[in-house]
Amino acid sequence: MSMAASLPNVGGYSSAASSLYPKRGMTNILDRPLNKTRGTEVSANAFAFMFSEMLQYTQKRVNGIQDLERKLNELGYRVGIRALDLLIWRDKNSKRETRVLGMLYFIHTTVWKTMFGKQADSLEKSTENEDEYMISDNDPIVSRFISVPKDVSQLNCGAFMAGIVEAIMDGCQFPSRVTAHTVPIDGYPLRTTILIKLDKEVIEREEHFK
Amino acid sequence: MIFSIYIINKAGGLVYNKDYSEGLSKLTSNEYLVLAGTFHGVHAITSKISPVPGSSGIEMLETDSFRIHCFQTLTGTKFLLVADPQQPSIDHTMKKIYETYADYCVKNPFQNPEMPIRSEQFDVHLLKLVKTVGGLVPASNPYIVNSHYSSANFNTSGTGGQPMTPSNSLPPSLPNIASSGLGLGA
């Protein structure tokens, strides 16, 4: 019985690509053209298993939940910095974002679509702090299959996503501190908000543009 | 109607049990373990004594009022489904339970294999599944225990991890063990 074929597909991920053995005529993943995106999606189940192992590996090597979140953030950072290069390479008429809003919109749409197969669900500006923005995902793929036990209930596996966002902000010269928070709403118990706190220099630069 | 779902690990230990019926008499936590261990043993024996080589072991145990369906995965985990004899498409339900297990237990980094299942999402999705395939048993269901069977021939006190020993002297036949252990009417 092949489980991979019988599990539901999630988002833009295809389980058809999850076959263990490359079919004849199929090229190695490293030899495929970088800018071809159709039909090269990764199995969401394979990702879920890998992320689960990443968490278990990390959990054995940290002291406490904060340390675990920091480590997850670092892992995400390594993904994000590479993803940014790839995204800009793929985008034929891409320009360098100079404004904060344009940058955040790029993350909200392009980055989310490429990495998670859908756009993020909301992009908001904090009402309390000038330098804070929030990107929310109602059903983040990284924590879809994860039930956090009671004793580590503060943990949000979205720290990985926060790391990705932080890397992309950093790579585009918008240094900031990015954290993940669980903000459940009706019907979406896993809803995660990525809080982006921009560095002072970014805010100052933004003032000059006005 | 689906009465209960049990999951037994490859060593015969009960790692998950959930009753979905209201009004049926409950087992004690020890009786659940005994039921799981006994079924595990019976399953092993039936696969050995089968005249057909390579037999899979017991797949279904039938009584007048309920059936216990068993599905064993390739890794040796057993899913037990206690259901109404009229419950349709058990195979499909079983596959869905397996899928739910694969999604919310196997992929959950906080769930150790072969250990008791503590996964909130698994509970939620299993309940959703049970509701879609058969609904929960209403309190007024006809199988509410009031019959002469109702665990009368099963000594519930002081079993303390011992093998099941029905207090009457009759040699236990399969349905008897199950029906007495489950406390369901027959």
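Q: Which residue in β4(A) is the bridge partner of A:Val178?
A: Heads up, this is a predicted model: local features need pLDDT of at least 70, side-chain atom pairs count only at pLDDT 80 or more, totals for chains, interfaces and linings use all residues, and side-chain values use heavy atoms, with hydrogens and water left out. Residues are numbered from 1 along each chain as its sequence is written, while chains are lettered from A and ligands numbered from 1 in the order in which they are written. Helices (H or I, at least four residues) and strands (E, at least two) are DSSP runs numbered from the N terminus. Across in β4(A), the partner of A:Val178 is A:Ile196.

Q: How many bridges join β3(A) to β4 of chain A?
A: Two strands count as paired if DSSP finds at least two bridges between them. β3(A) and β4 (residues 192-198) run antiparallel, and the number of bridges joining them is 7.

Q: What angle does helix α5 of chain A make with β3(A)?
A: Axes are lines fitted to C-alpha atoms (for helices, over the stretch in contact), and angles run from 0 to 180 degrees between N-to-C directions. Helix α5 (residues 159-171) packs on the sheet and touches β3 and β4 of chain A, contact being heavy atoms within 4.5 Å. Its angle to β3(A) is about 155 degrees.

Q: Which strands of chain A stand at the edges of the sheet?
A: Chain A has an open, antiparallel sheet of 4 strands in the order β1-β2-β4-β3. Each edge strand has a single partner, so one of its sides is left without a neighbour in the sheet. Those strands are β1 (122-125) and β3 (176-182).

Q: What is the order of the strands in the sheet of chain B?
A: This one is open too, with 5 strands and antiparallel pairing. The order is β2-β1-β5-β4-β3.

Q: At what angle does helix α3 of chain B run to β1(B)?
A: Helix α2 (residues 90-106) of chain B lies across β1, β4 and β5, at about 135 degrees to β5(B). Helix α3 (residues 120-133) lies across β1 and β2 of chain B, and its angle to β1(B) is about 140 degrees.

Q: How much area is buried between chain A and chain B?
A: Buried area is the accessible area (1.4 Å probe) that two parts lose on being put together, summed over both. The contact takes 22 residues from chain A and 16 from chain B. Carbon and sulfur atoms give 65% of the buried area, which comes to about 1700 Å².
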